[in-house]
Amino acid sequence: MKSSLSLLIAIVVVSTELFAAEAGMPQLDPTYWASQAFWLILVFTILYISISKFYLPKIKENLDNRESKIKEDLESANKFKEQSEAKAKEYDFILESAKKEVSKIHFESKSILDKDIQSKKEAMEKEIEKEILKAQKEISELKKNSISSIQSISGGIVSNIIENISGDKLNESSIKAAVEDISKKKINKYL
Amino acid sequence: MASNPMQQFTVHRIGPEIKIAGVDLSFTNASLFMVISATVIILFLFLGSKEKKIIPNKLQLIAEMFYTFVAKMISDTAGSKAKPYFPFIFSLFMFVLFCNMVGMLPYSFTVTSHIIVTLIMALFIFIAVTIIGFIKHGFKYLSIFVPSGVPAVLLPLITIIEIISYLSRPVSLSVRLFANMMAGHTMLKVFGGFVVSLGILGGWLPLSFSVALTGLEILVAFLQAYVFAILTCIYLNDALNLHH
């Protein structure tokens with residue numbers, strides 16, 4: 001690297017030495033210095049004015065526009081995010097209250113139903129009891145009736161049996177008394 | 001004559017001779033290439049700022065990149081106080097850069113390879129910066145030559161060195177750009193000449209050198225424009241913000 005660099009420098013030095021006598025450095029020839037200075041100042045002034053008056057403000061405006069646009073977009077995105085979060089909260093709240101209401105309605109309707117069922121059940125039970133009582137009365141009446149008829153039938157049967165066996169008639173009232181006596185003893189078994 | 005590597009730097013008159021008060025202000029090839037560079041810059045900036053798109057096209061993007069590049073360079077080196085000088089530094093950077101780049105085209109003329117051109121720019125910057133310094137700080141600006149925290153024994157010596165370094169700013173600024181441009185273009189010409197003289201058999205080596213040097217020169221063209229602009233920013237920073 002170093003040797004190649006020194007070679008380069010040597011070449012440059014040699015060639016400039018060779019041609020220096022012929023032309024020298026044209027930069028040091030003052031013939032056109034004034035012209036160069038004049039044109040430099042003129043061109044650079046025009047360039048400076050057009051850049052500072054037209055192009056830099058334009059580019060700056062572009063950059064600022066982009067920056068403000070990005071900022072705006074970010075801000076509106078944030079706003080929308082906040083809005084959506086608020087909406088989500090609202091939604092959650094509504095959902096929660098709806099759930100509460102549902103459970104309340106559920107509870108209320110359940111209690112109403114329960115009451116209804118209870119009252120109906122009670123009425124039914126009362127009716128059933130009544131029916132049972134009525135039936136029992138009927139049964140007991142039937143039983144009482146049946147006792148007297150059974151007594152008279154059994155009295156008849158007894159007198160028939162005695163007649164058939166002994167051939168004479170027994171006093172009906174005594175038979176009846178005997179049957180009553182027996183039935184009274186046994187009646188408690190059936191009533 | 002074509003093989004003389006310095007011949008590319010000669011200035012010659014184009015068109016009629018213009019003499020004002022005995023001074024020759026004729027339009028020359030140097031003037032022509034100044035005009036070409038400025039026209040290219042204006043055309044580029046015109047096309048780059050014509051459409052105001054939120055999503056830029058390529059030219060607009062490049063123009064905006066130049067803008068942000070120079071704006072960042074100024075704010076990094078000279079701070080927010082240097083904002084009013086942004087158009088000047090932007091123009092300066094663009095002008096030097098485009099003159100250097102246009103000079104890279106074959107058969108063109110490199111405006112910045114002339115000491116008179118770079119010296120005028122450097123002197124203008126030097127004088128303007130000095131005036132700005134005196135306007136902003138009055139005679140306190142002279143404290144730039146007296147660094148703080150220096151032993152009293154060394155102070156006169158340091159002050160003299162500071163003054164010399166301050167006064168040599170325009171020289172170093174102009175010679176840096178001019179010498180870089182001249183050396184690069186001379187070297188390219190020399191290697192080009194070797195390609196021709198060594199012919200088809202031996203010309204390949206200098207040709208490959210020439211290709212590599214062209215790449216290097218494009219880098220140098222950009223770098224020198226950047227250095228020129230950033231040194232201007234640093235000088236401006238010294239004038240705007242007194243650190244001593």
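## Basis of the description

Helices (H or I, at least four residues) and strands (E, at least two) are taken here as DSSP runs, numbered from the N terminus. The model is predicted, and local features therefore need pLDDT of at least 70, while side-chain atom pairs count only at pLDDT 80 or more and totals for chains, interfaces and linings use all residues. Residues are numbered from 1 along each chain as its sequence is written, with chains lettered from A and ligands numbered from 1 in the order in which they are written.

## Chain A

Chain A contains three helices and zero strands, in the order α-α-α from the N terminus on. Of its 191 residues, 9% are buried, a residue being buried if 20 or more other C-beta atoms, placed from the backbone, lie within 10 Å of its own, exposed if 12 or fewer do, and partly exposed in between.

## The interface between the chains

The interface brings 40 residues of chain B into contact with 38 residues of chain A, where contact requires C-beta atoms, placed from the backbone, to lie within 7 Å. On the side of chain B that touches chain A, two or more residues come from each of strand S2 (23-24), helix H1 (29-50), helix H2 (58-77), helix H3 (86-103), helix H4 (115-137) and helix H6 (169-202) of chain B, and H1(B) gives the most, with nine residues. By class, this side of chain B has 27 nonpolar, 10 polar and three charged residues; Ala, Val, Leu, Ile, Met, Phe, Trp, Tyr, Cys and Pro count as nonpolar, Asp, Glu, Lys and Arg as charged, and the others, Gly among them, as polar.

H2(A) and H2(B) pack with their axes 10 Å apart and at an angle of about 95°, the axes being lines fitted to C-alpha atoms, for helices over the stretch in contact, and the angles running from 0 to 180 degrees between N-to-C directions. The two helices H2(A) and H2(B) are therefore roughly perpendicular, a term that covers 65 to 115 degrees, whereas angles under 35 count as roughly parallel, over 145 as roughly antiparallel and the rest as oblique. In this pair, Ile59(A), Asn62(A) and Leu63(A) of H2(A) meet Ala63(B), Glu64(B) and Tyr67(B) of H2(B), and the residues of the contact divide into four nonpolar, one polar and one charged.

## Packing of H2 and H7 in chain B

Within chain B, the axes of H2(B) and helix H7 (residues 204-240) come within 9 Å and cross at roughly 35°. Val70(B), Met73(B), Ile74(B) and Thr77(B) of H2(B) make the contact with Ala229(B), Ile230(B), Cys233(B), Ile234(B) and Asn237(B) of H7(B), which by class gives seven nonpolar, two polar and no charged residues.

## Nonpolar cores

A nonpolar core is a set of buried Ala, Val, Leu, Ile, Met, Phe, Trp, Tyr and Cys residues joined through C-beta atoms within 7 Å. The largest has 65 residues, of which Ile89(B), Phe93(B), Phe95(B) and Val96(B) touch the most other members. Helix H2 (33-166) of chain A, together with H1, H2, H3, H4, H6 and H7 of chain B, gives two or more residues per element, and H3(B) gives the most, with 12 residues. Leaving aside residues up to four places away in sequence, Phe95(B) touches Phe44(A), Leu47(A), Ser37(B), Ala38(B) and Ile41(B). A second, separate core of six residues includes Met187(B), Phe191(B), Phe209(B) and Leu213(B).

## Two contrasting residues

Met94(B), in helix H3 of chain B, counts as buried, with 25 C-beta neighbours inside 10 Å. Tyr107(B) lies in the loop between H3 and H4 of chain B and is exposed, with 5 other C-beta atoms within 10 Å; its phi is near 70°, a positive value in a residue other than glycine.

Notes:
Contact = placed C-beta atoms within 7 Å.
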